Amino acid sequence: MVTRLIAVALLLASLLPLANWIPGGESDSLYGARLSDWVLGLGLCAGLGVLTWFVSRNAGAPTRSLPRTIDAPRERRAAALISVVALITYAAIARTVFSGRPLLIDEIVQLLQAQDLSGFRLTHPIEGAKEFFSIMHEVDFGDRAYGQYPIGGPAMLTLGVWLGAPWLVGPVAGMLCVWMFWLLLRELEPHASGQWRLGATALFAATPFAAFMFGSHMNHATTLLWLLAATCALVRAVRPNASLGWGISTGLALGVAATVRPLDAVAFALPAAAWLLWRARVGGRPLAILLLSGVGVAVPMSLLFWANFATTGDPFTFGYDLLWGPGHSVGFHATPWGVAHTPARGVELIALYLTRLNTYLFELPFPSLLIPVLGFWFSRARLAALDRYLLCTAGLVAVGYWAYWHDGFFLGPRFVFAWLPVLILWTARGVRSLTSEFERHPGVGRGVRAALMGGAAYAVFSLAMVRVPTYHNGLVSMRIDPNAAEDAGVRNALVLVQESWGAELVVRMWARGVPRPESEMLYRSIDACVLEESLGGLEQAGVRDGAAVAALQALRVDSARLVASDLSPDFTERRLPGLRYTARCISRLEDDRSGYLLYAPWRIVQDGNVYARWLPGREAEIARAFPGRAVYRLRRSGSSVDAPLLWEALDSAQTR
């Protein structure tokens, strides 16, 4: 009964356009296109199935030979081989699809943190005015800077930094996740055939959503690694006469996961604690295991609190709390961007994650979640304790991100990546249920298998022709060549990276002490030229902090009339129709048209050069902070995102 309720809820929430039906908040603009694709794809697969049934309806039941069983050692070796193949696949994705580079600002900042940690430090000094080096998601209040993220994710990447291959951390985490998923299958399905367990493991390894995430620098991969490690330890900790070490291992793994993504770790820790607490009611060894699991959690958490204290000054304050304020936290309140996060908006976000999973999970021509829905619907066996635990964790992940304001989308609905083990488990069970349901109707069974195989063939084709090229050709502006300076003969130099006018305006607001949330809102609600001239006045007068915020807030009176700029390649800049631009603003527009770069990717380049942001007219100021270095201005040689790089040597007159 419970599994059928889950099936109905999952089916409705993933197929209905709830985000579009709830007024205000988020909306799914692509729902209509997805629905059309699903209807067409489902019709094609169903047609293939009906055709197969029709052609083979008189063929009778196939003669079956006894399935060849796989003994435990051979199954273990096969699972290890699947894990190694997964590692090779994820590494190939990391290098060929994502260029072995962090492509999202989250990845870049965590790699910067890892570079600091590789030198056994939590922060790095700011040399010169901070606006030359400030980037999104990096805290730079004072004379030192550090990333906003919990220390665990960067610590995982540090291992890759030491090896000179931080891109390899995700693939290794993915390989270990595949192996531990197989270990869990042995606990969940002890009576299933070894072939079925290996098939489910291969499905986990080949799932596109998983493969792309494991090929990235995102911390969801390492989080899932530690969550699965905790689950594997937990199932041993709850056995009769379990070793006390499993209690410590469970706690340690959950604690490490909490140092990476605290919300995901809480979703797994609460039901684990309840399970251990229930067993501990009898005292003795179960009570000792519970207490030791608490000790295990405390060790990595104490390191997290120490890192927080050493950076933010408060063990319970994370960098993102300090940078973005109370609006960043979990709960229903105004977000850092000023939008109110309400329970209704939370429902919209969860609905969006589910509808996106229908595409990004398996890339099938029909909704991907239909198969796990069938697994839940046809399930007849009583749920094992481990099943109940995993379903509780999935529910708590949903509750946690229902109460979190940000729409986490990159390579799919990344915030629910921790659902992956549950979704793959019930997908494998769904396929098994479908085949077993039609054992007495061989022709129908052949049709169902043909429909599923047709969907799988479409997924492979779609991945090769659409998804991989899209990811490979996407975020071009972030894909810099780390050897570009060497190829251009630029060594031991100060390189001033030219960003867009809009990006510079935001950084200049930060330098005036305008908080990050207010800077974002002001940038989106003030004409770029008006903001330029006003900031210039504030800089000359030395106005900052609250006074600067108040002065800039007064400029938002025309915000309703603003449009995206059609004068600059940077469409994020805002323009007030009819406003006549000053000579300085026209000059900045011409700078945009001549070509610009994003600065953040250059921060992680370690080639002996110093990369700073170009601020017009301030070249001499930053050059004085790095005496003895040749100074170059770096930009694209045109407005195209893939235009060649242009290295312009600045003469001494410009830098004196």
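Ala418 lies in the loop between helix H17 (385-402) and helix H18 (420-437). Helices here are DSSP runs of H or I with at least four residues, strands are runs of E with at least two, and both are numbered from the N terminus. The model is predicted: local features need pLDDT of at least 70, side-chain atom pairs count only at pLDDT 80 or more, and totals for chains, interfaces and linings use all residues. Residues are numbered from 1 along each chain as its sequence is written, and side-chain values use heavy atoms, with hydrogens and water left out.

Ala418 has a relative accessible area of 8%, so it is buried. Buried means under 20% relative accessible area, exposed means over 50%, and partly exposed is in between, with a 1.4 Å probe and protein chains only. Apart from neighbours within four places in sequence, Ala418 is in contact with Leu224, Leu227, Asp264, Phe268 and Val397. A contact means heavy atoms within 4.5 Å. Between Ala418 and Ile70 there are 348 residues of separation in sequence, and their C-alpha atoms are 30 Å apart in space.

**The whole protein**

The secondary structure consists of 27 helices and nine strands. The radius of gyration is 27 Å, close to the 26 Å that the globule rule gives for 656 residues, so the protein is as compact as a globular protein of that length. This radius is taken over C-alpha atoms, and the rule is 2.2 Å times the number of residues to the power 0.38. Along the principal axes, the C-alpha atoms fill a box of roughly 85 × 60 × 50 Å.

Of the 656 residues, 53% are buried. Among contacts with a separation of 6 or more, 76% are between residues 24 or more positions apart. The protein exposes about 28400 Å², and carbon and sulfur atoms supply 64% of this area. Accessible areas come from the Shrake-Rupley method with a 1.4 Å probe; for residues, only the protein chains shown count as cover.

**The sheets**

Strands of a sheet pair through backbone hydrogen bonds, either parallel or antiparallel. Two strands count as paired if DSSP finds at least two bridges between them.

Strand E4 (residues 493-497) pairs in the parallel sense with strand E8 (residues 630-636) over five bridges. E4 also pairs with E7 in the parallel sense, over four bridges. Val497 has Leu634 as its bridge partner in E8 and stands opposite Arg613 in E7. Val495 stands opposite Tyr632 in E8. E4 is mostly covered, with five of its five residues buried. Ala493, Val495 and Val497 point one way from E4, while Leu494 and Leu496 point the other way.

Another open sheet has three strands in the order E1-E3-E2, with antiparallel pairing. Its edge strands are strand E1 (124-125) and strand E2 (138-139), each pairing on one side only. E2 pairs with strand E3 (residues 144-147) over two bridges in the antiparallel sense, and Val139 stands opposite Tyr146 in E3.

**The cysteines**

A disulfide is a covalent bond between the sulfur atoms of two cysteines. The cut-off used here is a pair of cysteine sulfur atoms within 2.5 Å. The structure holds one disulfide. Cys529 and Cys585 form it, with their sulfur atoms 2.1 Å apart. The torsion about their S-S bond is about 90°, so the disulfide is right-handed. The pair links distant parts of the chain, 56 residues apart: Cys529 is in helix H23 (residues 528-541) and Cys585 is in helix H25 (residues 583-594).

Cys177 is in no disulfide. The closest cysteine sulfur to that of Cys232 is in Cys177, 9.6 Å away, which is too far for a bond. The table gives the accessibility of these cysteines.

| Residue | Relative accessible area | Class |
|---|---|---|
| Cys529 | 4% | buried |
| Cys585 | 0% | buried |
| Cys177 | 0% | buried |
| Cys232 | 7% | buried |
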